[in-house]
Amino acid sequence: MRITFWKMLAVLPLLIASCSQRAEEDAQPDAKTIRVTVASGPRIEIASQAVTRSEIDEEGITVKWNTDDRIALWAEHTGGGTFALSAHEFALYHYNADWNAAKFTADIPQMEAGTYNYYAVSPRPAAVDGTRASFDIPAVQDGSRKIPCLVMVADPVAGAEALAEGDNSDIISLHFTHKVHVLKISIPRNDLNEPVSELQLTFPQPVVGRLTVDAADPEAESVLTGGSNTLTLRFAEPKNAGDVVFAAIRPLDIPEDQPIEIVALGQTCESKTASFAGKDFRPGRTTPIDYNVPAAGRLFTRLRFALPAEKGTATLGEAVTRIKLTAPADATFGNDSNTLEFRPDANGTHTIMLKPSWEDRLSGREVEVEYESESAVVRKSVKFDAVEAWSTENKQELAVPYLLEENFDTVTTFSDGEGATGANNDPAAIWIPGLSGWSAARAGGQAGKSVRIAGHREGGLWVYADYEARMDSAPLAGIKAGKSVNVRINFDYSGSTNKGAPKLKYGTSTAAGLQNGANADIESQAGNITANTNGSYTNVNQKITPFTATGRNNTRLSWVAYGSDGGFSGSYFYYIYIDNVKVSIAH
């Protein structure tokens, strides 16, 4: 491989659109702002196989300016140590037809008459400390000809006049020296048998990170901090045989006996590892590399998501057609996102590939899963199984929830008005603690078990009054807006009483908010039954005959407890216990 020297001459349009990270310029009270323009040379040329700012051609030998090019300029008083300009930003203003000569412009504070030493760097620094400018060489680059951070430092221009308003091309002629090394990687052959989406190069020493140069001393060696040995080229469009890609690294001398390893990544696998000998990667030069992509080495980690065989019809009631997963914010699905959306295939499955760069933050974590069918969208969390790296057998089961399911495992122990007598016989309804959207009047619950509602009869001297209890579920919010479907409803129940027979009315309603026992009429009553009398919070042992009803996204399930045969004198309570509520779309 041939390594050749390159350098760029640019008679720069000195821009001055101040950089937010530049050092403070010396205060100039009452100074007005002027607009100055400077130019690059008549042509920006480099030696064969060289690369420069800001875009290179396909052969890597011709330089073109880009519309977003910037330089930073210092103007130091020759009298000593103070600056009229400090890392002041200049932007591209005009370019010729070939993009190889350009003018740059900026608004600057009017400079005092006198002479100045001028220093410049390009592109715009990420950070500035005095005349030290820092640039980030990315660990992940895109391989395009618009190479990021082609750092240049200009030879100082000593004793030049102050910049004046207008064109100053005759005052300053900046000769830039490049401070990075460029890799030009050609792909003559691809034996991976699929397009290449990434190249991973591993060096024996750090090559990317924050590079710091001295604008006042272009010959000073650059310093790399926070460096990494791994450079990744991640392509916007996959590459194949015949393609050429570029990258920038910090200059360094790597002995020949310390090879650089390179691996290609496709869509389903990575190649076997290839290597090339270490070299003296000098600043301002390009190393051409012919990389014949080897055959496949290892298949990527595969993770297959699988619905139940019936695809959700046994629970939700309709087949799931779309799934969206949302993981914790620090996790990804190999797509640089913590969300993944897909449509399951005919078998109810979907497989993703996880490249070696993927960090496993899914194993053992709770992930929210959204399931969509023709008529509904429902959600349920799943705890991810362990993902085994490089395995092609990883499988994550996705259990589709019911349209509504409640076993009251989150209920906390409470009692609200279930034993009210006398003047307090019809207490106001409450939101059931531990549940969302469920309300009840004359109700109680045992933590993690079940809930009950308590009808009441109170009387004396053959005069009595009945007080009904009521519970309403959360709305069937999973049904899509505007949809009306038949739903199949199932639940368990039992009863107890101190005299007489506990009775239960049940059905659906669309009444929103809290519903008191006094408002015990059910909008669409489906049944009226007598319960047993040996029920308790832990003994809910009767099953309702499943029934269907019309469901919309504001429909609620409703239960009313009352009693009979208790007598006409005394105080009687009729408890109805409810558990294991399940609602599906009827099919």
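Me: How many bridges join strand 10 to strand 11, and in which sense do the two strands run?

Reply: This is a predicted model, in which local features need pLDDT of at least 70 and side-chain atom pairs count only at pLDDT 80 or more, while totals for chains, interfaces and linings use all residues. Residues are numbered from 1 along each chain as its sequence is written, and side-chain values use heavy atoms, with hydrogens and water left out. Strand 10 is joined to strand 11 (residues 132–137) by 3 bridges, and the two run antiparallel. Strands are DSSP runs of E with at least two residues, helices are runs of H or I with at least four, and both are numbered from the N terminus; two strands pair if DSSP finds at least two bridges between them.

Me: What makes strand 10 and strand 20 the edges of their sheet?

Reply: The sheet is an open one of 4 strands in the order 10-11-19-20, with antiparallel pairing. Strand 10 (127–129) and strand 20 (223–228) each have a single partner strand, so one side of each is left without a neighbour in the sheet. Neighbouring strands of this sheet are turned by 15 degrees against each other on average, direction ignored, where the axes are lines fitted to C-alpha atoms (for helices over the stretch in contact) and angles run from 0 to 180 degrees between N-to-C directions.

Me: Why is strand 9 described as largely enclosed by the rest of the structure?

Reply: Buried means under 20% relative accessible area, exposed means over 50%, and partly exposed lies in between, with a 1.4 Å probe and protein chains only. In strand 9 (residues 115–122), 7 of the 8 residues are buried, so the strand is largely enclosed by the rest of the structure.

Me: Which strands pair with strand 9, including strand 6, strand 14 and strand 13?

Reply: Strand 6 and strand 9 pair in the antiparallel sense over 6 bridges, and Ala75 stands opposite Tyr118 in strand 9. Strand 14 (residues 157–161) runs antiparallel to strand 9 and is joined to it by 3 bridges, with Tyr116 opposite Ala160. Strand 13 (residues 152–154), also antiparallel to strand 9, is joined to it by 2 bridges, and Val121 stands opposite Val153 there.

Me: What lies between strand 6 and strand 7 in their hairpin?

Reply: The hairpin has 5 residues between the two strands, and Gly80 in the turn has a positive phi of about 135 degrees. Strand 6 (residues 70–77) and strand 7 pair in the antiparallel sense over 6 bridges, with Ile71 opposite Phe90 in strand 7. Strand 7 (residues 83–95) is mostly covered, since 10 of its 13 residues are buried.

Me: How do you know that Arg322 is buried, and which side chains make polar contacts with its own side chain?

Reply: Arg322 has a relative accessible area of 10%, and therefore counts as buried. This residue is found in strand 31 (residues 322–326). A polar contact is a pair of N or O atoms within 3.5 Å; within protein, one must be able to donate a hydrogen and the other to accept it, and residues adjacent in sequence count only if both atoms are side-chain atoms. The side chain of Arg322 makes such contacts with the side chains of Glu341, at 3.3 Å, and Glu372, at 2.4 Å.

Me: What places Arg457 in the buried class, and with which side chain does its own make a polar contact?

Reply: The relative accessibility of Arg457 is 8%, so the residue counts as buried. Arg457 lies in strand 42 (residues 450–460), and its side chain makes a polar contact of 2.7 Å with the side chain of Asp466.

Me: How many disulfides does the count come to?

Reply: A disulfide is a pair of cysteine sulfur atoms within 2.5 Å, and by this rule the count comes to 0. Cys149 counts as buried at 10% relative accessibility, and Cys269 counts as buried at 4%.
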